[in-house]
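Hi there,

Here is the structure I promised to pass on. Have a look at it first, and then read my notes below.

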Amino acid sequence: DDEEEHIKFITIPLGIILAKECLITVSSKDDDVLQNFFKGIVKNFSTNKRNRLILQILSKTATVYLNYLKRINRQTTEIENRLHKSMKNEELINLLDFEKSLVYFSTSLRSNELVMERLYKTGILTKFEEDEDFLEDLIIENKQALEMTNIHSNILSSMMDAFASVISNNLNMVMKFLTSVTIILMIPTLIASIYGMNIRLPFAKSPHAFAITIGASIIFSLIGVFIFIKRKWF
């Protein structure tokens with residue numbers, strides 16, 4: 001039962017500047033894309049082949065998005081299973097965080113798609129046929145990541161709406177139960193209030209007046225409970 005720790009996923013802009021003799025990357029924080037190159041996870045890349053390196057960065061970006069989408073899907077499934085057992089605000093807030101992350105993902109992937117399509121049309125990075133095929137595969141891979149993001153976003157949105165309906169329904173059931181209990185408790189209170197008046201009442205002089213009053217309260221309360229159970233208010 002090792003539950004994966006909840007992580008907030010955010011997007012970090014990455015700028016790539018292609019100069020005459022060098023390639024410059026600009027990022028406000030350390031990102032997972034470039035770290036894959038620094039740590040040697042990405043094989044067969046060379047800083048001398050700048051056009052190919054840019055394509056490899058774009059490829060790794062799409063791969064990172066797909067990995068994060070898998071993690072989001074796995075964590076939302078775990079949260080959904082926990083929500084079936086108990087409705088906690090913390091779990092719903094986590095789902096809301098994931099929904100916000102998917103919005104950022106979708107926006108970023110659309111921007112990447114526009115960049116890739118422009119690069120493909122201008123042919124800046126596709127002087128060789130091999131690079132052109134590579135870029136075409138990247139566009140397809142990015143579209144797959146965008147489609148997965150939209151699917152997860154729709155599923156998560158539907159899930160949030162479903163749990164909101166469940167919470168509302170549970171609240172209505174609790175309110176119905178409490179209202180029924182209140183009505184049942186009002187019956188003996190009403191009888192006791194009537195017999196507390198300083199007027200002539202039935203059985204007022206009877207030695208069994210208290211027992212009769214209690215018995216009547218119990219009988220009328222049981223009748224009320226029977227009616228509510230029959231109407232499925234309990």
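At what angle do helix 4 and helix 5 pack, and how far apart are their axes? The angle is about 160 degrees, and the axes are 9 Å apart. That makes helix 4 roughly antiparallel to helix 5, because angles over 145 degrees count as roughly antiparallel (under 35 is roughly parallel, 65 to 115 roughly perpendicular and the rest oblique). Helices here are DSSP runs of H or I with at least four residues, numbered from the N terminus. Axes are lines fitted to C-alpha atoms over the stretch in contact, and angles run from 0 to 180 degrees between N-to-C directions.

A word on the background: this is a predicted model, where local features need pLDDT of at least 70 and side-chain atom pairs count only at pLDDT 80 or more, while totals for chains, interfaces and linings use all residues. Residues are numbered from 1 along each chain as its sequence is written, and side-chain values use heavy atoms, leaving out hydrogens and water.

Helix 4 (residues 129-194) also packs with helix 3 (residues 89-122), at about 155 degrees and with the axes 9 Å apart. So helix 3 is roughly antiparallel to helix 4.

Leu190 is exposed, at 53% relative accessible area, whereas Val181 is partly exposed, at 29% (buried is under 20%, exposed over 50%, partly exposed in between, with a 1.4 Å probe and protein chains only).

Happy exploring!

How values were computed:
Helices (H or I, at least four residues) and strands (E, at least two) are DSSP runs, numbered from the N terminus.
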